[in-house]
Amino acid sequence: MLTELAVENLGVIERLNLVLGPGMTALTGETGAGKTLVVTAVDLLLGGRADPQLVRFGADEATVEGRFDHQGEEVVLRRVVPADGRARAYVDGRLASAATLSELGREMVDLHGQHAHQSLLRRVHQRAALDRFGDVDLAPLMEARAALADLNRRRAELGGDERSRAREIELCRFQLSELDQAGLEDPEEGEALKAEEAALADAAASRDAARQAASILGTDGAVGAGLARITASLESRPPLESHHERLVGLAAEAADLSTELRRASESIDENPARLAEIRQRRELIVDLRRKYGETLAEVMEFHSGLSARLAELEDFDRLAKDLDGEHQRRTATAAEAGTAVGAARRQASQGLGQEVTSHLRELAMARAEVQVAVGGDPGDEVDILLAANSGAPGLPLTSAASGGELARVMLALRLVISAGPPVLVFDEVDAGIGGQVAQTVGRALSRLAADHQVLVVTHLPQVAACADRQVSIAKHDDGASTTVLAEPLEGEDRIVELSRMLSGSPDSDSARRHASELLDVSKSGGYAQ
């Protein structure tokens with residue numbers, strides 16, 4: 001829902017702010033007051049053409065902002081049109097392209113009238129509308145197409161032409177040979193080799209350090225001999241007996257540690273051959289990781305998958321034959337589902353055309369006829385055609401109708417197919433009509449307002465009276481500048497505006513009685529059907 005619209009320096013509008021509610025809102029006012037500029041403002045928010053001539057005389061730029069409640073979240077669109085330079089677009093305060101505004105706007109608003117944003121003008125939406133109207137079951141066709149697409153992907157992955165398949169087989173065999181020769185079994189082998197290499201690379205230094213430590217700790221070494229002297233000096237001294245006992249234990253521990261270090265030094269082997277082997281193995285692992293995976297585990301996983309891929313390629317002929325047979329079956333299934341969908345669409349097209357044509361009769365297009373053309377199976381090419389006059393050929397909506405006629409065709413379509421964007425804007429929908437037909441248009445718009453927010457620019461009191469609320473767009477000229485004001489109308493003010501629309505004499509008692517009667521009848525739903 002469009003909850004608020006703010007406009008500055010657009011045409012004759014210096015500053016305008018509209019707070020909108022649900023249901024149907026009628027925008028009324030004198031000719032040239034700026035009503036259609038409100039629709040132009042919405043069009044700009046939807047990515048419409050930003051013409052510098054739209055900028056108010058004397059202003060540097062025109063600005064339009066719209067606040068929407070879209071799927072429970074607030075969305076703010078903004079468009080800035082400079083008098084000189086490129087227009088700018090914003091979504092929630094961030095720069096965006098006009099295409100982004102258009103894409104987002106299509107989800108929220110449909111403009112019907114002289115603007116070209118109607119979703120039902122696009123073939124994809126016309127097809128979706130026909131499917132909704134005819135309750136066409138697309139599930140079997142969608143499933144068949146998805147299965148066929150999956151099969152085509154599998155066929156493409158199986159192997160291309162014979163030369164490329166032969167090249168891939170050779171590559172797989174080379175890679176498998178390289179990985180088989182590597183004999184990878186443990187994903188942690190690299191870390192284990194790293195630790196072993198570090199130990200071997202430092203073997204000589206470690207052996208010398210162990211021998212030196214054993215010598216110092218031994219009975220003839222500095223530490224061993226020193227501990228012996230200290231222990232002897234404290235012997236038979238009662239006050240130091242506990243310390244003497246600790247020194248005896250310390251001397252014994254030093255002697256044991258000296259023995260263990262000597263044995264360790266004798267067990268350390270430099271083994272340069274093993275060191276070279278480890279370094280070569282580590283280089284191989286680094287090379288394999290560079291080619292086949294970030295980690296050794298990934299390399300081993302690639303190895304496993306490579307074996308399966310080679311087996312698949314070498315068994316290509318059998319697999320290809322099986323897939324070809326499956327492809328024929330799935331193609332036939334998709335064709336059968338497409339035939340059913342095409343038949344359903346063609347059957348629904350007649351009913352849709354007849355119902356829309358029936359509504360057009362009520363909307364003062366007595367000679368118009370709507371046809372729905374459906375292409376060959378599965379009928380994806382759907383075109384809604386309009387023959388605006390007797391004997392005229394059916395043409396696409398964009399070229400067969402004037403602005404007012406197109407708005408009424410869209411109104412008729414919306415009456416038959418209620419789905420669509422939550423906000424519907426109608427401009428010129430009442431062009432060239434009046435009397436009972438105007439009442440019919442008003443009732444039709446009111447019915448749409450049960451499921452949509454409807455904004456309608458109208459000159460007809462019969463249409464305005466059907467709205468849930470009415471906003472007067474008035475232009476004021478003080479001789480120095482012209483401004484446009486938007487005023488929500490309630491109670492007596494609304495009756496005065498309807499009186500002006502009825503007779504041009506808002507002070508006329510008879511016009512006011514007629515206006516009051518229009519409102520009462522519209523609220524009670526008492527118009528003749």
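Me: Which residue stands opposite Glu4 in β4?

Reply: Strands of a sheet pair through backbone hydrogen bonds, either parallel or antiparallel. Here, in a predicted model, Glu4 stands opposite Arg67 in β4. Local features in this predicted model need pLDDT of at least 70 and side-chain atom pairs count only at pLDDT 80 or more, while totals for chains, interfaces and linings use all residues. Residues are numbered from 1 along each chain as its sequence is written, and side-chain values use heavy atoms, with hydrogens and water left out.

Me: In which sense do strand β1 and strand β4 pair, and over how many bridges?

Reply: Two strands count as paired if DSSP finds at least two bridges between them. Strands are DSSP runs of E with at least two residues, helices are runs of H or I with at least four, and both are numbered from the N terminus. Strand β1 (residues 2-10) and strand β4 (residues 61-70) are antiparallel, with six bridges between them.

Me: What is the order of the strands in the open sheet?

Reply: The six strands follow the order β2-β1-β4-β5-β6-β7, and their pairing is antiparallel. At the edges stand β2 (13-19) and β7 (94-96); each has a single partner strand, so one side of each is left without a neighbour in the sheet. From one strand to the next, the twist averages 15°. For such angles, axes are lines fitted to C-alpha atoms, for helices over the stretch in contact, and the values run from 0 to 180 degrees between N-to-C directions.

Me: Which strands does helix α1 lie across, and which does helix α2 lie across?

Reply: Helix α1 (residues 35-45) lies across β1, β2, β4 and β5 (73-82), at about 105° to β1. Helix α2 (residues 98-108) lies across β4, β5, β6 (88-91) and β7, at about 135° to β5. A contact means heavy atoms within 4.5 Å.

Me: Which residues of α2 are buried, and what do they pack against?

Reply: Buried means under 20% relative accessible area, exposed means over 50%, and partly exposed lies in between (1.4 Å probe, protein chains only). In α2 the buried residues are Leu101, Ser102, Leu104, Gly105 and Met108. They pack against α1, β4, β5, β6, β8 (109-112) and β12 (423-427).

Me: Is Glu74 buried or exposed, and with which residue does it form a salt bridge?

Reply: Side chains of opposite charge can pair when their charged atoms come close. The criterion for a salt bridge is a side-chain nitrogen of Lys or Arg within 4 Å of a carboxyl oxygen of Asp or Glu. Glu74 is exposed at 53% relative accessibility, and its salt-bridge partner is Arg67, with the closest N and O atoms 3.3 Å apart. Arg67 is partly exposed, at 33%. The structure holds 23 salt bridges.

Me: Which parts does the salt bridge of Arg414 and Asp110 tie together?

Reply: The side chains of Arg414 and Asp110 meet at 2.3 Å, N to O. Arg414 lies in helix α14 (residues 403-416) and Asp110 in strand β8, so the pair ties together parts that are 304 residues apart in sequence. Arg414 is buried, with a relative accessible area of 2%, and Asp110 is buried at 0%.

Me: How many residues apart in sequence are Leu323 and Arg155?

Reply: Leu323 and Arg155 are 168 residues apart in sequence, yet 7.0 Å apart in space, C-alpha to C-alpha. Leu323 belongs to helix α12 (residues 316-362) and is buried, at 9% relative accessibility.

Me: How many helices and strands does the protein have?

Reply: The protein has 18 helices and 15 strands. Its radius of gyration is 43 Å, well over the 24 Å that the globule rule gives for 529 residues, so the protein is more spread out than a compact globule. This radius is taken over C-alpha atoms, and the globule rule is 2.2 Å times the number of residues to the power 0.38.
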